[in-house]
Amino acid sequence: MRPRHGPEGRSVDRVAGVLWSEDEVGRAFAMGIEEALEEAYRRWSTLVYSLARQGCRNDADAADVAQAAFVSAWRGRHRFDPARGALPAWLVTITRRRIADHWSERSRRSGAAGVGQDLIGAGPVEPGVFDHQLDRVLDSVVIADAMKDLGERQRHILGLAFFEGMTHAEIAERLDLPLGTVKSDIRRSLERLRERMKGGIDVD
Amino acid sequence: MSIDYGDPHCDDDDVSLLALGESAASECADHLRTCPDCTRRVLDMRAVVDAARPTDADLLAPAPIGLWERIAAEAFEASDAADQDPDPPQQPGMVVPLVRRRRWTAIVASAAAASGLIIGGAAVWFAVSGAQDRPVTVAAAQLVRPDTDAVMGSATLQRTAAGMALAVQAPQLPAPDGGYYEVWMATPDTVTMVAVGTINPGESAVFALPAAMDTGAFPVVDISLEQFDGNTGHSSVSVARAVF
């Protein structure tokens, strides 16, 4: 497992007053502690559902696939070894299988109904294309997560740059901060995000 | 990477601004036309910006409302369906050897059997009354460091003549570095926590638990690193944890 957090320490989330590290969620999941499934859902449902949407190209099917992924991960938890990999990576593997199941079930059904073949564009996403989208989803999930770990000021500044398209000069004026402070905050924040993206979530 | 003054390459601040789509200092803009290294640095950083601000705004989509309820209903209510697992078995190395709770069950059952008690169900372990001459172990678990899994010691829930007690041995705790360690018991969701006392590294401690405490509802033992700051709440720095 490559940890999704940097060398500065383990990444932790505050859950109703107490901390669960990613490892703790994984171990509790493997032990069958029900709260761990809820915590896994809280942390990684966006990842699983977004992947399912990329794989299914249909929101309703994606919801079914995401449901099947979480339920089968839970039922198969005795095969998840926290010492050998991170829980989100395992969830990604299982989500891919459920997407494949979805398409084989569909083609089986359309075959049985005598439809012969799916219409063009209604079949599975080509593996190469899906892998590319998978990487993009993973990067975005990691970055969204890493943003939460930035200091409040850094997160605010980066948010203005990313999502409101403000220049560093505009940000400096809006927040009444020296230009150099905004510049170096942006640089440091982007460098931290880049490190986290390199660490990523390790999937095979 | 920091660049020395006088270095002709673009400085890191300019690389970040360019990645965000801003214009950079003119000497950097000129330099970029001829320097593949700096061009690569900008592109690398732009990949970060693109991941944060994807062109297809719905690349990440939150799961629809109600999905959790569907999952919980299927995962928790149909527990007998655990065999309906669509994934193929993996190599033996992937199998998690034992669900810890089972092991504790065995400990509890044998302890209770030794004292001649009849076991009727899980809740009974904690509800059995009657003073014992010596402490009976009701549950035991290893204390592990949450981030590394290193074994830090053990925690034992005991029934004594005087009531319930938590015994903690933590020989592997490092020096608390100006602070101190506090032992907590918590509900499984770790929302509700009870501070049971402080412990020093290398020490074995036995904490008497409040008579009114439903110990079965607090299966998590947590040791936190606290500072002498007057704040009585959990510091959020967990150094060891066990689950009964």
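Analyst: A polar contact is a pair of N or O atoms within 3.5 Å, and within protein one atom must be able to donate a hydrogen and the other to accept it, while residues adjacent in sequence count only if both atoms are side-chain atoms. The structure discussed here is a predicted model.

User: How many residue pairs are in polar contact between chain B and chain A?

Analyst: The contact between the two chains takes 65 residues from chain B and 67 residues from chain A. With both residues of a pair required to be at pLDDT 80 or more, the polar contacts between chain B and chain A come to 13 residue pairs.

User: Which element supplies the largest share of the side of chain B that touches chain A?

Analyst: On that side of chain B, at least two residues each come from α1 (12–19), α3 (36–52), α4 (67–77), α5 (100–114) and β8 (238–243). The largest share is seven residues, and the element that supplies them is α4(B).

User: How many nonpolar residues does the side of chain B that touches chain A have?

Analyst: Sorted by class, the side of chain B that touches chain A has 18 charged residues and nine polar ones, and its nonpolar residues number 38. As for area, about 6100 Å² is buried between chain B and chain A, with carbon and sulfur atoms giving 58% of that area. The number of nonpolar residues asked for is 38.

User: Which residue of chain A does Asp58(B) meet in a salt bridge?

Analyst: Between chain B and chain A the count is four salt bridges. In the salt bridge of Asp58(B), the N to O distance is 3.1 Å, and the side chain that meets Asp58(B) belongs to Arg53(A).

User: How many residues apart in sequence are the parts that Asp149(A) and Arg196(A) tie together?

Analyst: Asp149(A) and Arg196(A) form a salt bridge whose closest N and O atoms are 3.0 Å apart. Asp149(A) lies in the loop between α5 (127–148) and α6 (152–163) of chain A, and Arg196(A) lies in helix α8 (residues 179–199) of chain A, so the pair ties together parts whose separation in sequence is 47 residues.

User: In which helix do Glu191(A) and Arg187(A) both lie?

Analyst: Glu191(A) and Arg187(A) form a salt bridge, with the closest N and O atoms 3.5 Å apart, and both residues are buried. They stand four residues apart, about one turn of the helix, and the helix of chain A that holds them both is α8.

User: Which helix of chain A holds both Arg43(A) and Glu39(A)?

Analyst: The side chains of Arg43(A) and Glu39(A) meet in a salt bridge with an N to O distance of 2.8 Å, and both residues are buried. The two are four residues apart, which is about one turn of the helix, and the helix is α2 (residues 34–56).

User: How many helices and strands does chain B have?

Analyst: From the N terminus on, the elements of chain B run α-α-α-α-α-α-β-β-β-β-β-β-β-β. Of the 244 residues in chain B, 43% are buried. The secondary structure of chain B therefore, by DSSP runs, comes to six helices and eight strands.

Key
Residues are numbered from 1 along each chain as its sequence is written. Chains are lettered from A and ligands numbered from 1 in the order in which they are written. This is a predicted model: local features need pLDDT of at least 70, side-chain atom pairs count only at pLDDT 80 or more; totals for chains, interfaces and linings use all residues. Side-chain values use heavy atoms; hydrogens and water are left out. Buried means under 20% relative accessible area, exposed over 50%, partly exposed in between (1.4 Å probe, protein chains only). Contact means heavy atoms within 4.5 Å. Buried area is the accessible area (1.4 Å probe) that two parts lose on being put together, summed over both. Ala, Val, Leu, Ile, Met, Phe, Trp, Tyr, Cys and Pro count as nonpolar, Asp, Glu, Lys and Arg as charged, and the others, Gly among them, as polar.
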